[in-house]
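Please consult the sequence and the structure shown below.

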Amino acid sequence: MALLTIIRHDILINLRQAFSWLTPLIFFVIVVCLFPLAVSPEANMLRQIAPGIIWVAALLSILLSINHLFREEALTGFLDLLLLSPYSLTLLVGCKIFSHWIVHCLPLILISPLLGFLLNLHPYETYALVITLLLGTPVLCLLGAIGAALLVGVRSHGLLLPILIMPLYIPVLIFGTSTLMAAAANQPLNGYIAIMAALTLFSLAFAPFLTAAALRIGVNQ
Amino acid sequence: MLHWFNQKFLSPKLFYTTTTRLLPWVGGAFAVCFFYGLITGLFIAPADYQQGDGFRIMYVHVPSAFVAMAIYMTMACSAFVTLVWRVKMAAICMSCSASIGAWFTFLALVTGSIWGKPMWGAWWVWDARLTSVLILFFLYIGFIALQSVITDPQSRDRAGALLAIVGVINLPIIHYSVIWWNTLHQGPTISKFASPSIAPDMLYPLMAMILAFFLFYFWILMLRMRNQIVLREIKSQWVSEVMQHG
């Protein structure tokens with residue numbers, strides 16, 4: 001019950017402040033739109049680099065938003081209440097990550113077909129894009145949460161979180177983009193999707209626990 | 001029993017006094033191995049039939065890559081000990097290892113690129129192995145960056161330990177995904193040069209160099225840990241005694 005309350009509370013608060021969930025989305029769209037301007041507007045070229053563009057943009061956008069996962073809570077003292085509450089911190093943290101994903105990643109996934117359209121992706125590739133984002137963004141949130149929890153007590157850390165977390169994002173990036181490459185070559189995607197799902201489940205199993213441990217360390221600074 | 005072990009062998013004071021006696025021996029052993037490896041490797045070992053004398057950079061490159069990876073494992077093990085048993089010495093060992101490991105990784109990357117230029121024709125190729133060493137370097141940098149921003153020593157140790165453990169869980173995943181990525185994107189344009197089982201004349205210097213690099217790591221690690229111990233325990237009685245008597 002408490003878990004559901006936390007999820008509902010987080011989602012409502014974020015939805016009522018429109019810019020809280022709109023900023024990562026707009027950032028995502030703008031970064032993707034920069035590439036045709038920077039590289040080349042030529043359709044075939046764009047289609048070739050589209051997987052990389054969309055995945056890197058999604059990754060950056062999540063890094064930007066995950067930074068604030070525990071920030072507000074740490075400032076208002078809500079985090080101390082979470083740590084003191086009789087519920088398992090792992091589950092509470094899992095709920096917070098889940099609601100973060102709903103608010104900040106789901107809009108990215110919903111708008112990604114439109115971006116695929118802008119970058120000349122075929123329907124099959126767009127389908128692969130949505131599937132991989134659906135499986136990959138939870139991993140990015142879960143791993144990012146560990147870093148955000150470690151840095152929760154550090155006053156001004158600026159770009160430190162990307163430095164900590166980016167190397168851990170590499171497998172997701174590789175498998176995400178190569179699924180799209182396979183889709184571009186009209187290959188079956190089952191194997192790729194299975195690996196992405198394995199990454200998701202693996203991080204789902206370990207990351208909330210590690211995030212809870214990191215929060216206990218981070219708060220004490 | 002664990003408590004007793006903690007008191008007797010992992011106490012900073014005992015570590016300090018033991019290493020005072022140990023340091024010259026480790027340094028001496030390093031010097032012997034290093035000069036043996038250097039002289040036999042650079043002058044006595046026969047030139048490679050394909051690469052000529054160019055292969056001799058192997059005697060720096062291979063040991064540094066080897067030690068760079070071993071140091072990350074050492075860090076992960078001490079991170080585990082830090083988190084589970086809260087042993088202070090393990091935390092010191094971990095944070096002192098990080099920058100040594102980063103430098104060895106850097107050395108491996110630089111020597112690899114110097115070796116790659118004449119052999120592959122490019123300073124850098126996005127080969128799977130090179131890429132994963134580069135990512136290892138980033139992991140080291142992240143660890144050092146995290147440690148540098150946290151001021152409280154105890155949470156610095158524990159936060160670093162957690163990051164090192166997360167890194168070591170991810171390291172195999174990263175490694176295999178990078179291998180997979182490279183085989184997917186491009187065919188083997190650069191096949192790893194066919195390595196006939198290495199001749200003993202070349203092998204012994206290599207073993208000596210690997211041993212020498214490990215001894216060097218232990219040597220520097222001990223020196224750095226001693227500094228760290230003195231810094232952390234600056235107010236205690238034994239430190240001022242040691243400092244006064246040299």
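A residue is called buried when its relative accessible area is under 20%, exposed when it is over 50%, and partly exposed in between (1.4 Å probe, protein chains only). The model is predicted: local features need pLDDT of at least 70, side-chain atom pairs count only at pLDDT 80 or more, and totals for chains, interfaces and linings use all residues. Residues are numbered from 1 along each chain as its sequence is written, and side-chain values use heavy atoms, without hydrogens and water.

**Salt bridges**

A salt bridge is a side-chain nitrogen of Lys or Arg within 4 Å of a carboxyl oxygen of Asp or Glu. Over all chains, five are found.

Asp10(A), Glu73(A) and Lys96(A) form a network of salt bridges. Lys96(A) is buried at 2% relative accessibility, as are Asp10(A) at 8% and Glu73(A) at 10%. In the remaining pair of the table, Glu125(A) is buried at 3%, whereas Arg47(A) is partly exposed at 21%.

**Interface**

Contact (heavy atoms within 4.5 Å) involves 25 residues from chain A and 28 residues from chain B. Between chain A and chain B, no salt bridges are found. The side of chain A that touches chain B comprises 22 nonpolar residues, three polar and no charged, where nonpolar denotes Ala, Val, Leu, Ile, Met, Phe, Trp, Tyr, Cys and Pro, charged denotes Asp, Glu, Lys and Arg, and polar the others, Gly among them.

How values were computed:
Chains are lettered from A and ligands numbered from 1 in the order in which they are written.
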